[in-house]
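Please look over the chain shown here. The report below goes from the whole fold to single residues.

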Amino acid sequence: ISSPPSPHPQIRANTSSSSSSTTTTTTTGRPSLSHPRPSSPPDTHPFLSLVHHRTTPPGVRPSLPPSPGLGGRGGPEAPVPAAAPSNTERKVEGEGGRKHRAAATTTTSSSSSSTTTAAAAAGDTPFTLASSSSSDSETGGVSPPPRKKQRAAEGEGEPGAAAAAAFGGTSLGPSGNNPPGSFSGLLLLGGTGRQAPGVMQANGNQAGGGEIPSVGAQNGDVTGRDSSQAEAADEPTSHGAGGFTFSPSAQAQAQAPAAHSNGLPSSSAAPTISLAPGPGGINPEQSSLKKKKRLSQSDEDVIRLIGQHLHGLGLNQTVDLLMQESGCRLEHPSATKFRNHVMEGQWEKAENDLNELKSLVHSPHVIVMKFLLLQQKYLEYLEDGKVLEALQVLRCELTPLKYNTERIHILSGYLMCSHTDDLRAKAEWEGKGNASRSKLLDKLQMYLPPSVMLPPRRLQTLLRQAVELQRDRCLYHNTKLDGNLDSMSLLIDHVCSRKQFPCYTQQILTEHCNEVWFCKFANDGTKLATGSKDTTVIIWQVDLDTHQLRLLKTLEGHAYGVSYLAWSPDDTYLLACGPDDCSELWLWNVQTGELRTKMSQSHEDSLTSVAWNPDGKRFVTGGQRGQFYQCDLEGNLLDSWEGVRVQCLWCLNDGKTVLASDTHQRIRGYNFEDLTDRNIVQEDHPIMSFTVSKNGRLALLNVATQGVHLWDLQDRVLVRKYQGVTQGFYTIHSCFGGNNEDFIASGSEDHKVYIWHKRSELPIAELTGHTRTVNCVSWNPQLPSMMASASDDGTVRIWGPAPFLDNQESEEACSSMDS
């Protein structure tokens, strides 16, 4: 349905509006057309409603206001010449000086072989515009201009021509379901010439070489604009010379047809055309995404840690690639040279490298590092037999440093070593080679800041600390700490099950025929001693493999019963005390079962407590009647302290200080050498018993009516009060236990055994099974999974991990409270 090109393309509209149009300025300063716009016919294609119906006299081209970026500056409208322009492709000058040429390569194969025509709505007068892919004959015999930057005079040509050329010169005709007569106007768009309901995207590769954002303003350049800022339907919208985006706004405007700022009503079917900002049609956000993302400080630290670890594994090429791709630096270049020279034994160069690093290192550290370097150099000279060179280093290099003169004197003595093995033994040195130099480098790295050189094996150190922290926070962790990372998995968090904890009855010992008042494991964990009201002490043998106990010996003759027991440091002897009215003390040889000493100073004495001196040759004993003695193994009195009513005793590791709780609700320290004493702990209620941790720092007190208290003996402060236990005026003995003494256990008058983690006030386990008051608990010092409890019900229970029972029986055997 084509006709020859007309020198004056015109559009007839079925309207009687005025043939001239006036230009007004909107609130935004943009010139706009103020003539009324008639509604489009119902069958008008939505893409073509941008160009409204306009009546113009023959021979006069409709005028359009200049648009920023399309040849105008947003100023007054240029005059419209009456002469008809030639039907050739026009030059366009954009805001940035870019030219939109006819997009000869942007049309699809379906539209490139013919021209697109449209009929006027009223008279169906055909008209034809040259297609961007038409031949020279179809475009008036004029070939497209060469693709190069051309700059015409500002304002040259007509605005309408500039708009047509800026959009690529492609005509739109009827498509698909729209008959030719339904077109009310012409829309000139550059690009592929495809038409789809509400979707059209310009090909930005022809305009600026970049991909133009798709419909809907996915990159945010269009969506950020308010609907009131959309362009009028009768002016092509432009924001720059490099590419544009066709964005429909029909759905947003159909519900509430608001008026544009220029006074023209919005069309419910009118899409919005906007040019994407930026050179070449590339959105600034897109260009920023193409740039490499700058790494944070933590990311750089992680990359350096990984690089150091890979370097230690010998994966040097992988390290180089990692640093190159990330843009990070494993260490300072001078530090790298320093490392290599140290490992190669080039000591002069290493000293020069150290001088280069001097500005990055704290001044006193430089002298220490230089001393370590020269010491290694001196020792290697000695090993090589270069005594004169070694002496020169000692006199002229080490001594002038005036650092650690005592060490220099020791180094000078190595000159007398006769052979290499003697030198290595005396210097405790690995000898010349990578082993000693690596050890030296580890020492040197301690004085370099991390920004220059990372501390040795930093990643392994951090992982080990993380694992140890998880173990410390695990309430049921009760195994020996292993610092080797190979013995654990780094892929999962550390979790211990309560079934591995000693809260299940493994064995019940019933050989006593009366109340059992005390129990205590030997220091080596192979024996258990129990004392009872039945006047006997029973020694039990512990099988470390099967964790079963068997009766070994029974020690008889304690007329008043046995209320307290104490093993000697070497587990050879056992001291036994009676209740308040007992004035005797028994010293038993556990190996032979013989009574070595039976001591009694006076029939009026009350010896209810005893403690061994760390040397194993002395012990102290006392009672509530004012006796406080220090004796030897033969029962001879060595020292005494008058007027002290002792409730419980403990000897500290210094071998001089004895802690004693008295009837004044306090614990005092007594020194038998200089006869001094001092107050350490003061409570508000009677202290029934106490025990001290292995390191002598913490004391665990059973306080009448209060329960279990933890004190710091060094700082003399109350650390924690543990809840749950029932404590009256009975003497109940608690204990530290588990791996690293992380747990605390105590008996209770409610027939239970309570276990706490040292840092948790609430119990992590309550052990049931006894039928009367639990008087004493003892944790095996060598088997963290074994614990014993003695009760007034005449039994001793051995507690351990869960046996192979079903889940229901396991839950019945032990109730747990989550702290």
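## Overall make-up

Of the 819 residues of the chain, 47% count as buried. The model is predicted. Its secondary structure comes to 15 helices and 36 strands.

Residues 24 or more positions apart account for 54% of them.

## Helix α7

Helix α7 covers residues 333-344. With twelve residues at 1.5 Å a residue, it should span 16 Å. The end C-alpha atoms are 17 Å apart, which agrees. After α7 comes G345, with a positive phi near 75°.

Which residues of α7 are buried? They are S334, A335, F338, R339, H341 and V342. An α-helix has 3.6 residues a turn, so residues three or four places apart point the same way. The cover over the buried residues of α7 includes α8 (347-356), α9 (363-383) and α13 (434-445).

## Salt bridges

Side chains of opposite charge can pair when their charged atoms come close. How many salt bridges does a search of the whole structure find? The search gives 19.

One of them pairs K337 with E356, and the closest N and O atoms are 3.3 Å apart. K337 lies in helix α7 and E356 in helix α8, so this pair ties together parts that are 19 residues apart in sequence. K337 is partly exposed, with a relative accessible area of 36%. E356 is also partly exposed, at 41% relative accessibility.

E430 and K439 form another salt bridge, with the closest N and O atoms 3.2 Å apart. E430 has a relative accessible area of 37%, which makes it partly exposed. K439 is partly exposed at 40%.

D615 bridges to R618, the closest N and O atoms being 3.1 Å apart. Both partners count as partly exposed: D615 is at 36% relative accessibility, and R618 is at 23%. Elsewhere, salt bridges that share partners join E348, K377 and E397 into one network.

## The largest nonpolar core

In soluble globular proteins, nonpolar side chains tend to be buried together. The largest nonpolar core here has 46 residues. Within it, L528 and L574 touch the most other members. Domain 3 (501-555 + 698-804) and domain 4 (564-682) both give residues to this core, so the core lies between them.

Which residues does UniProt list for "repeat: WD"? The unreviewed entry gives 509-543, 555-586 and 767-799.

Two of these stretches can be described by their secondary structure. Residues 509-543 are 0% helix and 57% strand, with end C-alpha atoms 15 Å apart. Residues 555-586 are 0% helix and 41% strand, and their end C-alpha atoms are 10 Å apart.

V777 sits in strand β33 (residues 774-779). Is V777 buried or exposed? V777 is buried, with a relative accessible area of 3%.

Residues up to four places away in sequence are left out of its contact list. Beyond those, V777 touches C519, H733, S734, C735, A745, S746, G747, V753, A788 and S789. V777 and I732 are 45 residues apart in sequence, and their C-alpha atoms are 8.6 Å apart in space.

I732 lies in the loop between β28 (717-722) and β29 (735-737). I732 is buried, with a relative accessible area of 0%.

Which residues is I732 in contact with, leaving aside its neighbours within four places in sequence? They are S689, N702, T726, Q727, S746, G747, S748, E749, T773, V774 and N775. One of these, S689, is 43 residues from I732 in sequence. The C-alpha atoms of I732 and S689 are 6.9 Å apart in space. S746 and G747 are among the contacts of I732, and they are also among those of V777.

Methods: Residues numbered from 1 in each chain as written. Predicted model: local features only at pLDDT ≥ 70, side-chain atom pairs only at ≥ 80, totals over all residues. Heavy atoms only, no water. Helix = DSSP H or I, 4+ residues; strand = E, 2+ residues; numbered from the N terminus. Expected span 1.5 Å × (residues − 1). Buried < 20%, exposed > 50% of the residue type's maximum accessible area, 1.4 Å probe, protein only. Contact = heavy atoms within 4.5 Å. Salt bridge = Lys/Arg side-chain N within 4 Å of Asp/Glu carboxyl O. Core = buried A, V, L, I, M, F, W, Y, C linked by side-chain atoms within 4.5 Å. Domains from an automatic or database assignment. UniProt positions renumbered as here; feature names shortened; annotations may be inferred.
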